[in-house]
Each structure stands twice: as structure tokens, then as C-alpha cells.
Amino acid sequence: MSQKDIVVIGAGVVGLTTALKIQEEGSYRVTILAETLPSDPKSIKYTSQWAGAHHVSTDRGDSRMFKFEKDTFDIMWDLSKPGGEAEHCFMRVRQEEYYDAELAKPNPLEDMPDFQYLSNDSVGNAVSGVTFSTVTIDTPIYLNYLLSRFLARGGTIIRASVQHINQVLEGGPQAFLPGRRPVYSTNDKATVDALVICTGLATRTLGGVEDKAMYPIRGQTVLIRAPWIKYGRSGYTASEDLSATGKAPWSYIIPRRSGDVILGGTRDKDDWFPLPRPDTTTKILTRTLALCPELTPPETRSNGRQPTVDDLRSIIVEEGCGLRPAREGGVRVEVEYVSAGANSTAKVPIVYNYGHGGAGFQSSWGTAAEALRLLGMALQDA
Ligand SMILES: Cc1cc2nc3c(=O)[nH]c(=O)nc-3n(C[C@H](O)[C@H](O)[C@H](O)COP(=O)(O)OP(=O)(O)OC[C@H]3O[C@@H](n4cnc5c(N)ncnc54)[C@H](O)[C@@H]3O)c2cc1C
């Protein structure tokens with residue numbers, strides 16, 4: 001049986017995982033079109049390079065998303081096992097979560113390995129807490145792993161900035177290879193069998209989709225070199241004057257296998273600013289040091305010395321920020337049929353997979369599996 005031609009637009013964690021999932025089913029030949037690729041210099045237009053990242057689900061009241069995340073965890077746990085296929089992209093860690101309120105039980109994280117509720121006398125200034133085992137992801141390395149796995153299995157990648165989906169529908173991926181003999185959709189046959197949209201925040205402006213429900217949640221981080229940190233920790237810290245907001249900010253510490261550690265973070269809705277703000281860096285360092293005094297080098301803590309924010313500054317590798325691709329109504333994993341271009345009456349299924357907000361890594365395999373399921377059904381109906 002001849003393979004069907006599928007084009008995926010986007011090579012962030014969502015596009016790469018979706019392309020792989022579709023490719024590995026076996027019935028499809030997959031091409032990725034993307035403006036930015038994993039080994040490119042970091043860019044505000046490519047969120048995946050900026051993520052922490054860890055797998056820590058929170059109860060957002062969205063059971064579909066929770067299931068996507070759970071399915072993803074099972075795959076990442078397997079990939080990260082000693083001797084596992086992508087072991088070195090991950091670090092298995094003990095995670096501690098500290099909350100500013102008593103949370104309802106059962107906690108949705110109870111299924112995580114080694115889950116335990118923390119006792120009241122072990123949560124410090126917090127009100128309650130839990131601990132469990134999970135994975136952290138060295139995101140630049142993991143993105144390159146996904147890309148190389150896709151290429152090794154025969155996938156094609158073309159760097160392209162798609163202005164309107166009709167460019168792909170009418171001319172196929174070849175429309176972005178200048179100098180090649182063009183192909184065109186005909187009346188009864190489209191150049192591509194299906195299109196998959198994984199363009200993250202840019203789906204807000206991608207011609208033919210223009211989803212105005214998309215908005216950024218800006219997150220700023222600091223990357224430090226602290227190979228002595230072997231556990232993850234998140235929590236509320238009341239280390240500063242809270243009279244303006246009345247609410248302690250949420251901070252996190254995500255160690256990577258390389259010995260680098262991501263400190264965060266912020267969650268600023270509709271904030272498009274593309275550079276780290278110096279005063280926010282100071283706040284992140286102050287909050288995370290309050291949450292984890294062991295962040296500074298061991299010699300700065302010897303003989304009972306209190307570690308300082310300046311001790312942390314001495315081990316900064318990078319300050320950064322990214323725009324989480326959030327969507328009113330949550331992630332969009334859906335299928336729709338559109339015309340295959342100006343001279344064609346053929347209909348082509350479009351599978352949408354975008355709007356993962358702050359959970360694109362931890363839901364990537366789950367949403368990719370759903371995108372594949374929708375694709376299979378759509379092509380069966382076609
Ligand atoms: C500070 C921070 C911390 C985070 N921490 C976590 C975490 O701990 N766990 C977690 O699961 N998630 C985390 N996230 C969220 C996660 O990073 C995102 O959900 C995820 O990266 C979104 O991936 P994406 O593939 O949808 O988008 P992107 O990574 O932005 O990729 C979009 C792709 O589409 C391409 N593209 C867009 N428009 C076009 C076009 N017109 N033509 C061609 N190509 C196009 C781009 O070039 C790129 O290749 C964090 C995010 C931030 C900012």
C-alpha cells in the first residue's frame with residue numbers, strides 16, 4: 001500500500017512529537033515545515049527551547065488534558081529508565097511540592113511513583129505538601145533527540161515560514177523548495193493527504209487559521225550551574241513584601257541531568273516582552289533561595305554562613321524568557337476539512353494540535369496520540 005503524504009507545520013516539542021507519532025504508525029510519509037528548528041539560536045518565537053522542564057501535573061479541572069499528561073508521563077518514564085532510549089535527555093528526581101492551602105484529597109498526583117503526603121511539621125512555611133518521583137527534561141537535548149529520531153526513520157524537514165495554509169494545500173511542501181519543479185493540487189487530488197498544525201503561539205497569526213483565542217503567558221527563568229542539586233522543588237515563598245498582591249508567588253527549581261538547574265518563575269498573561277527583565281531576575285533568585293538555601297555552592301554555606309543572592313549570581317549561566325502558548329478554552333486537538341487550493345475541489349483534513357500553555361512537554365505524547373487517532377479517522381472517511 002502506498003503511504004499517504006502528511007505535512008506537519010511546526011518543530012517545537014508538539015510538532016516533533018506529533019510528526020514522530022504519525023510516522024511511526026507506518027502508513028504515512030511525513031514532512032515537517034518549520035521556521036525554527038531545535039539547534040537554532042534561542043528565539044522568543046520558539047517556546048520549547050525555554051521550558052524548564054519537568055512533568056508535574058496540576059489540577060486545572062480539565063480531565064482530557066490530565067489524561068494527555070498521564071499518558072505522556074508513562075512514555076517519558078520509559079524513555080528515561082536506566083538504559084532507556086533517551087535516558088540522557090531526562091533526570092529522574094524526587095519532587096517536592098509545597099502549597100499555601102490544604103488541598104482536597106485524593107490529590108490527582110497520587111498515581112505518581114513513590115507519592116506521599118508531607119506531614120505538617122515537614123512543610124516549613126507552607127500549609128501542605130506532597131512528594132513523588134518524576135522526570136525533568138533537558139529541553140534543548142530532548143528536542144534534538146526527537147528531531148534525530150524523526151530523521152533516522154526517514155522523515156523530511158524543510159525550513160519554511162508558512163504565511164497561509166493554502167500555500168501548502170495547493171503546492172505541497174515543494175512550494176518551499178525554490179528551484180524544484182512545482183506540483184499543484186488538481187481537481188480531484190490534493191498534493192498533501194493531510195495537514196497538521198503545531199505552530200504554538202504563532203497560530204494566532206497563521207493565515208487560514210488565525211486563532212485569536214491564543215495568547216502568551218510569559219515565563220522568565222534563570223539557568224544556574226549547580227550539579228549538587230539532585231531534587232526538584234516547587235512552592236510558594238513569602239520572602240518579600242506582598243502588600244501589593246497579597247499572594248506569595250510560585251517558584252520552582254528544576255535540575256537537569258547536565259548539572260544545570262532552571263530557576264523560575266513567572267506567569268504573566270498577555271505579556272509579549274521578549275527579553276529577561278533584571279528586576280524579575282533578582283526576584284526569582286531571592287524566592288528560589290528562600291525555597292532552597294542549598295542552591296548556592298557548598299563553600300558559601302560552610303561554617304553556618306547564610307547564603308546570599310550574590311552567591312547565586314556567581315553561578316548564573318543564562319537568563320531567559322519564553323511565551324507559553326495558552327488558549328482560551330484550552331488545548332485544541334481537533335480535525336476539520338478545507339479545500340485543497342484555488343484549482344481543486346478536493347477536501348483535505350487539517351488536524352490542529354496547539355495551545356498547550358505551560359504543559360507542552362508533559363502533554364506532548366498524549367496529544368500526539370490523539371492527533372494521530374483523528375488523522376486516521378479523517379483519512380478513512382475521505
Ligand atoms: C519558562 C517556561 C517554562 C516551562 N516549563 C514547562 C514545564 O516544566 N513542563 C511543560 O510541559 N511545559 C513547560 N513549558 C511550556 C512548553 O514550553 C510549551 O507548552 C511548549 O514548548 C509549546 O510547544 P509548541 O511546539 O506548541 O510551540 P513552539 O515550541 O513555540 O514551536 C512552534 C513551532 O512552530 C513553528 N512555526 C510557527 N509558525 C510557523 C509558520 N508560520 N511557518 C512555519 N513554522 C512555524 C516554529 O518555528 C516552531 O518550530 C514552559 C514554558 C516556559 C516559557
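Helices (H or I, at least four residues) and strands (E, at least two) are DSSP runs, numbered from the N terminus. The model described here is predicted, and local features need pLDDT of at least 70, side-chain atom pairs count only at pLDDT 80 or more, while totals for chains, interfaces and linings use all residues. Residues are numbered from 1 along each chain as its sequence is written, and side-chain values use heavy atoms, with hydrogens and water left out.

**Overall form**

The protein has 7 helices and 15 strands. Its radius of gyration, taken over C-alpha atoms, is 22 Å, close to the 21 Å that the globule rule gives for 382 residues, so the protein is as compact as a globular protein of that length. The globule rule is 2.2 Å times the number of residues to the power 0.38. The C-alpha trace spans about 75 × 40 × 40 Å along its principal axes. Of the 382 residues, 55% are buried; buried means under 20% relative accessible area, exposed over 50%, and partly exposed in between (1.4 Å probe, protein chains only).

**The ligand**

There are 38 residues around the ligand, and T36, S48, V162, G357 and Q362 come nearest. A residue is near a molecule if one of its heavy atoms lies within 4 Å of it. By class, this shell has 18 nonpolar, 17 polar and 3 charged residues. Here Ala, Val, Leu, Ile, Met, Phe, Trp, Tyr, Cys and Pro count as nonpolar, Asp, Glu, Lys and Arg as charged, and the others, Gly among them, as polar.

| Residue with the polar backbone atom | Distance to a ligand oxygen atom |
|---|---|
| V13 | 3.4 Å |
| T47 | 3.0 Å |
| G357 | 2.6 Å |

The ligand has 1000 Å² of accessible area on its own, and the protein covers 97% of this area. Such areas come from the Shrake-Rupley method with a 1.4 Å probe; for residues, only the protein chains shown count as cover. The elements that give two or more residues to the shell are α1 (13-25), β8 (214-225) and β13 (316-327). With 3 residues, β13 gives the most.

**Two buried residues**

Q49 lies in the loop between β2 (28-34) and α2 (63-79), and at 3% relative accessibility Q49 counts as buried. The side chain of Q49 reaches the backbone oxygen of P38 at 3.5 Å.

F150 is in helix α3 (residues 139-152) and is buried, at 0% relative accessibility. F150 and E24 are 126 residues apart in sequence and 8.9 Å apart in space, C-alpha to C-alpha.

**Backbone exceptions**

Most residues other than glycine have a negative phi, and most peptide bonds are trans. A cis peptide bond joins K105 and P106, with omega about 5°. Another cis peptide bond, with omega about -5°, joins G264 and G265.

D114, in the loop between β3 and β4, is not a glycine but has a positive phi of about 60°. D270 also has a positive phi of about 60° without being a glycine, and is found in the loop between β12 and α5 (278-291). D114 is partly exposed, with a relative accessible area of 48%, and D270 is partly exposed at 46%.

Conventions: Polar contact = N/O pair within 3.5 Å; in protein donor to acceptor, adjacent residues only side chain to side chain.
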